Amino acid sequence: MNTAKIGLSHGEKTAFWLHGKVSSWSRRWFTHIFLFLVVFAYSLLGALLFVAIEGTNEERYRVKIHDEREAYLKTMYSMARNTAMVENEDAWTTEADHELEKFVQELRAHFKNGEDNQKEKVWTLWNAVFYCGTIYTTIGYGHISPSTTTGRAVTIIYAIIGIPMFLILLADFGKLFTRGIKFVWSFVRRLYYTGSCRQVRRTQPVQSALGFICSEIMKGAQIVYDLATFRRPSMFPQGEPPEDVEGAETPLRHDQPTFRRDAPDSSEPPATPAPSAFEVDDEFNLPISVAIVILLLYMFVGASIYYIWESWGFFESFYFVFISMSTIGFGDFVPKHPMYMMASIVYLVFGLALTSMCINVVQEKLSDSFRQASAKIGATIGLRIAEQEEGSTNPPTPGNGQVQDDEHHAGQGGQEGSPYSMHNGAREVPS
């Protein structure tokens with residue numbers, strides 16, 4: 001809407017301008033934001049579900065472990081107050097060892113089922129969100145795991161739905177990163193080749209009426225001059241050969257050399273590639289070195305952040321980033337603070353998208369290389385087959401032994417069917 005022609009105030013014009021910008025921005029970024037919000041909502045829904053299932057069970061076994069420990073302490077206290085047993089040291093030691101082994105077996109059974117008696121609660125909301133992130137990203141650290149049959153069944157269903165959803169988000173973010181990196185890369189190329197930050201627009205020349213008339217007059221004058229000097233008027237567009245004009249094409253002999261005017265001179269330096277030839281699109285045609293350098297920088301930045309946050313060395317931080325972005329996920333290094341866990345999920349989502357982009361770039365380059373190699377091999381094989389077919393159709397040139405044999409047959413009277421006949425000592429070859 002052109003608000004300049006309408007009597008609107010500056011505030012109304014600003015409102016219309018903001019509405020247009022927001023509409024254009026939402027149409028451009030709606031898919032990316034919508035997918036991200038869907039995955040985030042799916043993470044919150046899964047976290048609430050796991051807290052309801054595993055959190056209740058955690059409270060139950062924490063109470064059970066506490067009761068078992070209290071029972072063990074009461075048993076040991078009663079044994080200590082039994083004077084008859086205290087006087088018999090061997091009997092007291094045997095009974096105490098039996099009670100201790102019983103308590104250890106009970107604790108071992110709890111730990112085997114994933115029931116850890118920690119002071120802090122395990123299945124909090126943020127820990128559950130982090131656990132959901134480890135499911136659909138397929139990292140699976142293993143430091144948090146369900147201990148109930150219901151929780152394990154829900155994990156299976158959650159992974160079946162969440163992994164394809166995250167792969168869709170990953171592919172979308174990979175294309176988004178590709179466009180962003182190619183935009184920056186095209187800006188660097190334009191700045192390097194032209195020395196200017198402005199984008200060169202491809203516009204058609206706008207010609208005024210006076211310029212059009214002058215150009216038509218010059219064309220007519222050129223045609224008249226060509227006719228006056230007995231030259232053929234050049235009515236064909238540049239680069240197109242004439243088709244229906246007599247004498248336009250002259251057959252060339254096989255021994256006549258041909259020259260190409262468009263062949264570049266080897267002494268001239270190569271032309272500078274046009275910056276506009278590198279289009280900003282979703283195709284994964286970035287240079288492999290650029291993609292790998294960006295991925296390494298992203299990993300080093302993440303390692304530096306974890307080096308500051310956690311009590312890890314820089315190598316341990318880089319090790320954690322690499323193990324996480326490669327979806328190996330040993331679980332020996334995991335952030336402890338809940339906010340750091342949430343930041344880790346966001347960092348790993350973008351990191352996996354960047355890794356996916358780099359893999360696609362390498363795959364695209366390898367596919368192009370294999371395609372070119374296959375075309376070259378196919379062309380080489382076809383050329384050899386054509387040479388063999390051409391050699392089989394041409395008759396072999398008779399050697400000295402064949403000439404002597406033919407002369408021997410001709411000297412015996414020139415039998416019928418002989419390809420050669422002798423007349424006055426000379427040999428004729430039938431046409």
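**Helix packing and annotated spans in a predicted model**

The axes of helix α4 (residues 125–136) and helix α5 (residues 149–194) come within 8 Å of each other and cross at roughly 65°. Axes are lines fitted to C-alpha atoms, for helices over the stretch in contact, and angles run from 0 to 180 degrees between N-to-C directions. The model is predicted: local features need pLDDT of at least 70, side-chain atom pairs count only at pLDDT 80 or more, and totals for chains, interfaces and linings use all residues. Residues are numbered from 1 along each chain as its sequence is written, and side-chain values use heavy atoms, with hydrogens and water left out. Helices (H or I, at least four residues) and strands (E, at least two) are DSSP runs, numbered from the N terminus.

Helices α4 and α5 are therefore roughly perpendicular to each other; angles of 65 to 115 degrees count as such, those under 35 as roughly parallel, those over 145 as roughly antiparallel and the rest as oblique. The crossing of α4 past α5 is right-handed, a term for a near helix turned clockwise from the far one by less than a right angle, anticlockwise being left-handed. In α4, Tyr131, Cys132, Ile135 and Tyr136 meet Thr155, Tyr158, Ala159, Gly162, Ile163 and Phe166 of α5, where contact means heavy atoms within 4.5 Å. By class, the contact of α4 with α5 has eight nonpolar, two polar and no charged residues. Ala, Val, Leu, Ile, Met, Phe, Trp, Tyr, Cys and Pro count as nonpolar, Asp, Glu, Lys and Arg as charged, and the others, Gly among them, as polar.

Thr138 lies in the loop between α4 and α5. Its phi is near 60°, a positive value in a residue other than glycine. Most residues other than glycine have a negative phi. Thr138 is partly exposed, with a relative accessible area of 40%; buried means under 20%, exposed over 50%, and partly exposed in between (1.4 Å probe, protein chains only).

The axes of helix α7 (residues 288–309) and helix α8 (residues 314–325) also come within 8 Å, crossing at roughly 125°. The two helices, α7 and α8, are therefore oblique to each other. Their contact has 13 nonpolar, three polar and no charged residues.

The UniProt record, an unreviewed entry, places the feature "transmembrane region" at several spans, including residues 29–53 and 339–362. UniProt positions follow the numbering used here, feature names are shortened, and annotations may be inferred rather than shown by experiment. Residues 29–53 are 100% helix and 0% strand, with end C-alpha atoms 36 Å apart.
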